[in-house]
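Morning, everyone. Have a look at it first.

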Amino acid sequence: AKNPSGMDLWRLLWNSLVFVCVVDLFLFVLRRHKLVPTKVSLNVDSQHSMNKPQRVLVCFGWTASPYEKVKLRHDMLVKAGKIDVVITVTTSILTTMFGPLNEGIEELEQMLHNFDNPDMEVIYIFYSGGGSLFYPTLRSQQPSFPPCAASYYIFDSSPVPLSVRAFGLWGADKVGPLGWLLVPPIFLYLYVLEYDRIIDYNEFIAKERHPPVSLFLTSHADPLVPSDSIEYIVRHRNESRAKSAHVHFFLASPHLDHHLIYPDEYQEVIEDFLNIPWKTVSPSVIMDREGCCHRVPGRKEKEVDEEKVTEGKDNEHGEKNGEKEVTEGKENQGAQKNETEG
């Protein structure tokens with residue numbers, strides 16, 4: 001049998017790249033005409049009672065993440081956050097790369113409404129780039145979400161910046177030198193087909209006008225999420241709202257593996273973040289679909305406001321009674337004076 005020559009191998013690689021690029025273009029056309037099949041799956045795991053849970057964890061999986069792998073991370077988060085209910089959101093690779101994500105958020109909204117607990121705390125965690133793509137859609141639809149006592153936002157190895165070089169390094173780390181063959185189709189996807197969409201999502205996370213308090217977990221050894229990209233996001237979010245962005249750098253853990261390499265440190269960081277008082281965590285304003293901001297008070301805030309109103313009414317009533325007593329006293333003094341003169 002004749003061994004393939006170097007030219008034959010290069011021709012095979014070239015044909016493979018052309019095929020991938022053609023598939024990218026085909027899917028891009030389908031998305032523009034809203035023909036990409038949407039597949040967003042929500043799975044619910046109850047740790048305790050589903051009736052009025054106190055803490056709900058919502059996990060947005062990475063691109064094409066299987067539910068079983070995302071579920072493996074629940075135990076540590078449940079232990080750190082004393083979680084009652086876990087909701088896992090996963091998508092197919094086509095949906096993440098090209099499809100709309102709002103249907104999954106609408107289903108999540110309905111689930112939270114069904115819990116019917118204004119004292120509930122909700123923890124959102126976004127894994128890698130696929131998870132962070134849900135964040136702008138989630139924030140834009142939150143005005144219709146049920147009120148809750150507190151909302152926490154955690155970005156684990158997320159968001160992934162727009163960098164072909166970073167994807168090339170990550171691919172080379174995963175599959176060796178052949179990983180660099182991913183560069184041409186990734187370049188086509190990032191900078192030609194989906195540039196506007198991805199850059200808008202990442203800029204929204206960095207420059208959100210009224211960001212909620214958030215925690216960013218990354219590593220100096222993560223090729224997909226360079227430390228300078230996270231520092232850029234943290235700096236801009238803190239300029240919009242002081243002390244709203246917290247960041248923790250692990251020493252040398254790979255992408256999405258912080259909890260495996262440093263399990264104790266990972267759990268401790270999560271616990272410290274979740275112990276922030278609810279008044280600090282709950283955003284006083286959130287952005288609606290038109291980009292306007294409005295206040296969404298939780299139940300505790302409403303109770304405080306009602307107490308203030310009640311106190312105000314009592315004070316007003318007391319002032320009126322005092323005025324009435326003074327008037328009656330003056331009338332009595334006038335009557336006594338008339339009797340003396342008579």
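Salt bridges first. This is a predicted model, and the count comes to six salt bridges. Let me take some of them in turn.

One is between the side chains of K71 and D45, at 3.9 Å from N to O. The pair links distant parts of the chain. K71 is in helix α2, residues 67-71, and D45 is in strand β1, residues 40-46. They are 26 residues apart. Are these two buried or exposed? K71 has 39% relative accessibility, so K71 counts as partly exposed. D45 has a relative accessible area of 14%, so D45 is buried.

Next, R55 and E121. Their closest N and O atoms are 2.7 Å apart.

Then K207 and E203, where the closest N and O atoms are 3.3 Å apart. How are these two placed in the chain? They are four residues apart in helix α10, residues 195-207, so about one helical turn separates them. K207 is partly exposed, at 41% relative accessibility. E203 is partly exposed too, at 30%. There is also a network: R139, E208 and R237 are joined by salt bridges that share partners.

Let me step back to the whole chain. The protein chain has 342 residues, and 45% of them are buried. Its secondary structure comes to 15 helices and nine strands. Now contacts. Take those between residues at least 6 apart in sequence: 81% of them join residues at least 24 apart. The accessible surface is about 18500 Å², and 56% of that belongs to carbon and sulfur atoms.

Now the strands. β2 covers residues 55-60, and six of its six residues are buried, so β2 is largely enclosed by the rest of the structure. R55, L57 and C59 point one way; V56, V58 and F60 point the other way.

Which strands pair with β2? On β4, residues 121-127, there are six bridges to β2, and the two run parallel. C59 has I125 as its bridge partner there, and V58 stands opposite Y124. On β3, residues 85-91, there are five bridges to β2, again in the parallel sense. L57 stands opposite V86 in that pairing.

Move on to β4. Seven of its seven residues are buried. E121, I123, I125 and Y127 point one way, and V122, Y124 and F126 point the other way. β4 also pairs with β5, parallel, over seven bridges. I125 stands opposite I154 there.

What about the nonpolar cores? The largest one has 46 residues. Those with the most contacts inside it are V58, F60, I87, L108, Y124 and L138. Look at V58. Leaving aside neighbours within four places in sequence, V58 is in contact with I87, V89, L108, V122, I123, Y124 and I125. Apart from that core lies another, of 28 residues, among them V70, V213, L217 and L256.

L138 takes us to a helix. α7 covers residues 134-141, and seven of its eight residues are buried, so α7 is largely enclosed by the rest of the structure. The buried ones are F134, Y135, P136, T137, L138, R139 and Q141.

Some backbone details. A cis peptide bond joins S158 and P159, with omega about -10°. P159 is in the loop between β5, residues 150-156, and α8, residues 164-175. In that loop you also find S157. S157 has a phi near 55°, a positive value in a residue other than glycine. At 0% relative accessibility, S157 counts as buried.

S128 also has a phi near 55°, positive in a residue other than glycine. S128 is in helix α6, residues 128-132. Its relative accessible area is 9%, so S128 is buried.

Which residues make a nonpolar surface patch? W14, V18 and V22 do, and the patch is about 310 Å². V22 is in helix α1, residues 6-32.

That's my tour. Thank you.

Methods
Residues are numbered from 1 along each chain as its sequence is written. This is a predicted model: local features need pLDDT of at least 70, side-chain atom pairs count only at pLDDT 80 or more; totals for chains, interfaces and linings use all residues. Side-chain values use heavy atoms; hydrogens and water are left out. Patches are made of residues with over 30% relative accessible area and no salt bridge: like charges are joined within 9 Å, nonpolar side chains (Val, Leu, Ile, Met, Phe, Trp, Tyr) within 5 Å. Accessible areas come from the Shrake-Rupley method with a 1.4 Å probe; for residues, only the protein chains shown count as cover. A salt bridge is a side-chain nitrogen of Lys or Arg within 4 Å of a carboxyl oxygen of Asp or Glu. A nonpolar core is a set of buried Ala, Val, Leu, Ile, Met, Phe, Trp, Tyr and Cys residues joined through side-chain atoms within 4.5 Å. Buried means under 20% relative accessible area, exposed over 50%, partly exposed in between (1.4 Å probe, protein chains only). Contact means heavy atoms within 4.5 Å. Two strands pair if DSSP finds at least two bridges between them.
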